[in-house]
Amino acid sequence: MTKRIRAPLTDSDVMELKSGDNVLFSGVVYAARDAAHQKLADLLEAREQWPVDLKGQVIYYVGPSPARPGKVIGSAGPTTSGRMDAYTPSMLAQGVKALIGKGSRNESTRRALQKYKGVYLAATGGAGALLARAIKESEVVAYPELGPEAILRLVVEDFPAVVINDAYGNDLYEEGRRHYAERS
Amino acid sequence: MRKVNVALLVDAVADMCVEANYHLGSDVLETFRHGLEEEVSTVGKEVFRQLLENAYIADEGEFPLCQDTGFAILFVELGQEVSLVGGDFKDAVNEGVRRGYSEGYLRKSIVRDPLRRNNTGDNTPAVIHIDIVPGDRIRLILTPKGGGSENMSAVRMLTPADGRRGIVDFVVDTVSKAGSNPCPPVVVGVGVGGTFEKVAYLAKKALLRPLRQPHPDPFYAALEEELLQEINKTGIGPQGFGGSFTALAVHVEVFPCHIATMPAAVNLNCHSSRHAERII
């Protein structure tokens, strides 16, 4: 079943999403990857304010390729989410509601998704040209010096993703793999 | 000696960076079409549908196949009767990368220092592998390599007693542990033999072969087929969503080794198996 969701999200939006659901996102998502996460974590540790308010927001792990003249963005598919696991529980504690990337999350991220009512989704890795078409606006909102790793505010329309980890503790990667594994 | 001006290399490398990042080879597209028909999971089929559509969009030349436009790796077969003139060989290759990544609107993904991590800003330097061969020509193969799949690769110093079973277990285990991270369906490059550093090179080189073109030695062609079947039994499936296509192809490259050793390496490539070739 395909569910249409508008970002930012509320707790009840999150609780409606189940592992395996196909989702089409519309609204605002924030692009941030390794270096931006490190900067946000440093600010948290120093008890300083973030340059953007991420309460209720969706974070998309992406470092797009440069936009051609006249284009909103370049290719913009997900990067491997596991590298952000070190930062994710504290992001969720700050009110971030959803994360989009690709690849599996560790135990502490999965527990934090349940604790703080968050959801993790995957977009198709390596389909950056296709996914770029769902991005309608793009603006650097913090850390322009990080180049492809700057924080961007993206406006998306029908951006396709699949729910991997829901707020109930389910994991599509584990379930899907178990279902199709051939016992030898 | 045939004199070749390195300026030719600049042009060739720049062209190849762009070509490889926008135009997927027909061998790869063929495996996508096969996957779309044969994948048993519905969500897996949808992945193949998206990958085909993505490849068609990229082919139009405005959006690269993936935002990770990779580390530029250049394999050079340099004819020994070639005399390179007009400048420094490595400078020419890096100038080609610089130009290709700038003119092609490709992402600059290289940091100058692994710990201090400042972006070089132009995707240089390239990783260059040079092989001196007979003749008076230069064969160049450029492959942009993404970071996600590179991170899940592995080298292991197996022993002769581990045998064929040891290789199969190591390769399947590496792909299994990588799970959804390297953007499956993956292409699996396997190196066996040589030494610690040589085996990693062999695994990388194995990724250059056209997909599903079997090893010329039937013994290794059979090993490739067995590895592919075993990997696809893991159930990881396209993007790790579960399914019957975890790998598109497994290629094995071998080299003689020491009586005490049996090095093995697995280099994973995402489904975006990108390369371009030029002969000068």
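Analyst: Start with a network of salt bridges: Glu107(A), Arg110(A), Arg111(A), Asp171(A) and Glu174(A) are linked in it. A salt bridge here is a side-chain nitrogen of Lys or Arg within 4 Å of a carboxyl oxygen of Asp or Glu. Over all chains, the structure holds 35 salt bridges.

This is a predicted model, in which local features need pLDDT of at least 70 and side-chain atom pairs count only at pLDDT 80 or more, while totals for chains, interfaces and linings use all residues. Residues are numbered from 1 along each chain as its sequence is written, chains are lettered from A and ligands numbered from 1 in the order in which they are written, and side-chain values use heavy atoms, with hydrogens and water left out.

Asp171(A) leads on to Ile164(A). Ile164(A) touches Asp171(A), and also Tyr120(A), Leu172(A), Tyr173(A) and Phe241(B), among others, leaving aside residues up to four places away in sequence. Contact means heavy atoms within 4.5 Å. Ile164(A) has its place in strand S7 (residues 151-165) of chain A. Helices (H or I, at least four residues) and strands (E, at least two) are DSSP runs, numbered from the N terminus. Ile164(A) is buried, with a relative accessible area of 0%. Buried means under 20%, exposed over 50%, partly exposed in between (1.4 Å probe, protein chains only).

Rings of Phe, Tyr and Trp (its six-membered ring) pair if their centres lie within 6.5 Å; planes under 30 degrees apart count as stacked, over 60 as edge-to-face and the rest as tilted. That rule gives 6 aromatic pairs over all chains. Tyr173(A) and Phe241(B) are a stacked pair, 6.3 Å centre to centre with 10 degrees between the planes. Tyr173(A) lies in helix H6 (residues 172-180) of chain A and Phe241(B) in the loop between helix H8 (218-232) and strand S8 (247-257) of chain B, so the pair joins two chains. Tyr173(A) and Phe241(B) are buried.

Chain B has an edge-to-face pair: Phe48(B) and Phe245(B), 5.6 Å centre to centre and 85 degrees between the planes. Phe48(B) lies in helix H3 (residues 42-59) of chain B and Phe245(B) in the loop between H8 and S8 of chain B, so this pair ties together parts that are 197 residues apart in sequence. Phe48(B) is buried at 0% relative accessible area. Phe245(B) is buried too, at 12%. Together with Phe32(B), Phe48(B) and Phe245(B) form one aromatic cluster.

Now the chain contact as a whole. In it, 41 residues of chain A are in contact with 42 residues of chain B. About 3400 Å² is buried between chain A and chain B, and carbon and sulfur atoms give 55% of it. On the chain A side, Arg68(A), Arg177(A) and Tyr180(A) lose the most area to chain B, together 21% of what that side buries. Buried area is the accessible area (1.4 Å probe) that two parts lose on being put together, summed over both. The count between chain A and chain B is 2 salt bridges. Glu62(B) and Lys71(A) form a salt bridge, their closest N and O atoms being 3.0 Å apart.

Back to charges within a chain. Lys3(A) forms a salt bridge with Asp21(A), with 2.7 Å between the closest N and O atoms. Distant parts of the chain are linked here: Lys3(A) is in strand S1 (residues 2-7) of chain A, and Asp21(A) is in the loop between helix H1 (11-15) and strand S2 (22-31) of chain A, 18 residues apart. Lys3(A) and Asp21(A) are both buried.

Lys97(A) and Asp11(A) meet in a salt bridge as well, at 2.7 Å from N to O. Lys97(A) lies in the loop between helix H3 (88-93) and strand S4 (98-101) of chain A and Asp11(A) in helix H1 of chain A, so the pair ties together parts that are 86 residues apart in sequence. Lys97(A) is buried, at 9% relative accessible area. Asp11(A) is partly exposed, at 38%.
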